Amino acid sequence: GGIYTVIKTKVPVTVSEYGDRYTLIGPLSYKTAPMEVEPCEPTDPYLAGTINNMREQGVKILYGRWLIEGAPKVLLFDTGSKYDRLDEWKGDLWNLAGIPTPPNDHETNETIVFGYLVAWFLGEYAAQNAKTAIVAHFHEWQAGLAIPLCRKRHIDVTTVFTTHATLLGRYLCAGSVDFYNNLQYFDVDHEAGKRGIYHRYCIERAATHSSDVFTTVSHITAYESEHLLKRKPDGVLPNGLNVVKFSAMHEFQNLHAMSKAKINDFIRGHFYGHYDFDLENTLYMFTAGRYEYRNKGVDMFIEALARLNYRLQKLGSNVTVVAFIIMPAATNSYTIEALKGQAVIKQLRETVTEIQNRIGNRLFEHAARYTGEAGSETPKLDELLDAQDKVQLKRRIFALKRNSLPPIVTHNMVEDSADPILNQIRRVQLFNRDSDRVKVIFHPDFLNSNNPILGLDYEEFVRGCHMGVFPSYYEPWGYTPAECTVMGIPSITTNLSGFGSFMQDLIENPDDEGCYIVDRRMQSLEDSVNQLTEYMVAFCTKSRRQRINQRNRVERLSPLLDWKNLGIEYSKARQLALRRAYPDQFDSEEDDWDAAYGEMARPTFSMPGSPRLRNGAVTPGDMGTLTEEMQGLSTSDYKGGQMWHGLREDDDSYPFPLVMKVRSRAGSIKSGASTPGGGNGRILSERDLRRADEALEKVNGTS
């Protein structure tokens, strides 16, 4: 999932800053830990003492290195080892915070045991290590129960809580609710109780209000959290990725061609008997993610595909669009038709290869025996292709005959008749007929290279496609379009997704850069579907050369999503938490970091060569700003900040510059800037700000 991706991909940039003083804490899974964790002994004496104390009291703990890039230290608790204290801890939670817990909610039980184990560990460790500040960063409500426990027990730990989505937001959006226009009117306790998640909501809200610094992953989620969790976030921590930059521009284009060839092989098998379209004029679009039919915008995607099919038919276009829906659902097995299609095309390929080798040998023998006789230089067709070869080839070709239409779904669904995706496909009648310009393939399973039907990993599949379509209604961040961008694949997202609003805030004309953003906030669903359809039609009418150029322009956006840039936002959050927890340790607004905390390994932040910024460099702080004006912080307060000065334009710049939005001090305090559609608010001028400062000085002077 997305949160796992955030934590895993952020490791290298955090380890470069903290080294072995950075430890990840999580639950122990005996299924995966032996393969992913190398056990070792802690070098920190306080940590070793704390672990030994907990082990003596029956807590099973695994400490070691996580075998991923960065190789961070991990501390994993076996929650099952302390289930004997579950009832005791439930009672304590009720007495301490008034949070009720039903008996049969396994996820909440795991959350309680894990939260109490983490609070236990932090309490013991903080008591032993009284010299160093400890920052604990919690992701999501399942990990956040320890925050109110630390606050109630007065444990000397600085806490940061990041919510990647709100519980209530997910549940409300899954129903037919006009979510964003009614956010301020929801009775949150009533709505949570009605959906049976009141106890979970209480844990999430307690973590939100007890943390020193509360952050979200996007402005859209910040707006949502302000109304549903009743606390305005202190800042936004956008999600990044580890971007691999190729030394030559054409390398990622070559990867696209190789992956597309593998998808072509699958298409030949899937559409055997109806394979009457040219793969050179075929475009692959896809949507992927959790099976959340409305939240992920699948309803809108299928409707737009039906309209695209009609438009292409009316235009008499020779372009074929194959649309993939990759969303795991309950299935029994692969369909016989899907397996048969891949089998018959594989047999045909093997037979043709055998005949090809035999023809090659015969041709060579004939040429080697040339005696100079006129007219005998080239053999006759019957000499090259004998009767046995013809019979074998005909058998394979006749096996390609099919009386039914190509299947839409590759698996046998558990509830075929009740599946919302299949029901909508039936409603719009996209049945993969020969006359349809848009073909649909629903793959209700994760992709992996061992799959007998579509044998590709997800990354390889994305690289082989031409466009990703993610018209989400509820998407706090949206890693799928971000991954497309990093791989140089154009994508369509919405201004209700965190990624969409992030790119809209950062780039002047994102549509020109291959990052299309559908407005689902300020217009009706019908208008949004029409806008999505127009984007898809425009893409289908591009020439191959135009699509190659667009992939180049998309790929140059990837540094904006690199953790080397976005990781500094996490440094800001930790700095802000330390200032709030230990204000006396900061004598002035321009404290020297090294004097306060000692010399640290500096992360190697550097400005990537792409994109080129003609109108001045964008600092990481422009990508998601914490409350700097209130806290007296500037970018130079954070590790690596000095690396951002003196950037110059390289000579090999793009012919079409990437135009970034310029932010001033006034612009960063735009009225409603953190809310969807806030761009229409009044921008405070520098004069307004000076007046406000003067008024505050008078008040402070009189008081």
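## Exercises on sheets and helix packing

In this fold, G468 stands opposite S491 in β15. Keep that pair in mind for the first exercise.

Before you start: this is a predicted model, so local features need pLDDT of at least 70 and side-chain atom pairs count only at pLDDT 80 or more, while totals for chains, interfaces and linings use all residues. Residues are numbered from 1 along each chain as its sequence is written, and side-chain values use heavy atoms, with hydrogens and water left out.

The protein has 26 helices and 16 strands. Both are DSSP runs numbered from the N terminus: helices are H or I with at least four residues, strands are E with at least two.

**Exercise 1.** How many residues of β9 are buried, and which way do they point?

*Solution.* 
- Take the cut-offs: buried is under 20% relative accessible area, exposed is over 50%, and partly exposed is in between (1.4 Å probe, protein chains only).
- In β9 (residues 282-288), seven of its seven residues are buried.
- T282, Y284, F286 and A288 point one way, and L283, M285 and T287 the other.
- On the β10 side (residues 320-326), β9 makes seven bridges in the parallel sense, with F286 opposite F324.
- For scale, buried residues make up 51% of the 703 residues in the protein.

**Exercise 2.** Explain why β6 counts as largely enclosed, then name its partner strands.

*Solution.* 
- Six of the six residues in β6 (residues 158-163) are buried, so the rest of the structure largely encloses this strand.
- T158, V160 and T162 face one way, T159, F161 and T163 the other.
- One partner is β5 (residues 135-139), which runs parallel to β6 and is joined to it by five bridges; V135 has T158 as its bridge partner.
- Another is β7 (residues 213-216), parallel over four bridges; there F161 is partnered by F214.

**Exercise 3.** Which strands sit at the edges of the four-stranded sheet?

*Solution.* 
- Its order is β1-β4-β3-β2, an open sheet with mixed pairing.
- β1 (23-27) and β2 (37-39) have a single partner strand each, so they are the edges.
- The twist averages 40° from one strand to the next.
- β3 (residues 61-66) and β4 (residues 73-77) are antiparallel over five bridges, with L62 opposite L76.
- Helix α3 (residues 45-56) lies across β3 and β4, at about 145° to β3.

**Exercise 4.** Check the length of α14, then describe how α14 packs against α16.

*Solution.* 
- The expected span is 1.5 Å times one less than the number of residues. For the 33 residues of α14 (residues 336-368) that gives 48 Å, and the end C-alpha atoms are 48 Å apart, which agrees.
- Buried residues in α14 include A338, G341 and I345; their cover includes α12 (250-270) and α16 (387-398).
- α14 and α16 pack at about 160°, axes 10 Å apart. They are therefore roughly antiparallel, given that under 35 degrees is roughly parallel, over 145 roughly antiparallel, 65 to 115 roughly perpendicular and the rest oblique.
- The crossing is left-handed, meaning that the near helix is turned anticlockwise from the far one by less than a right angle; clockwise would be right-handed.

**Exercise 5.** Classify the packing of α12 on α22.

*Solution.* 
- α12 and α22 (residues 544-555) meet at about 120°, with axes 10 Å apart.
- That makes α12 oblique to α22, and the crossing is right-handed.
- F252, Q253 and H256 in α12 meet I548, R551, N552 and E555 in α22.

Definitions and conventions: Two strands pair if DSSP finds at least two bridges between them. Axes are lines fitted to C-alpha atoms, for helices over the stretch in contact, and angles run from 0 to 180 degrees between N-to-C directions. Contact means heavy atoms within 4.5 Å.
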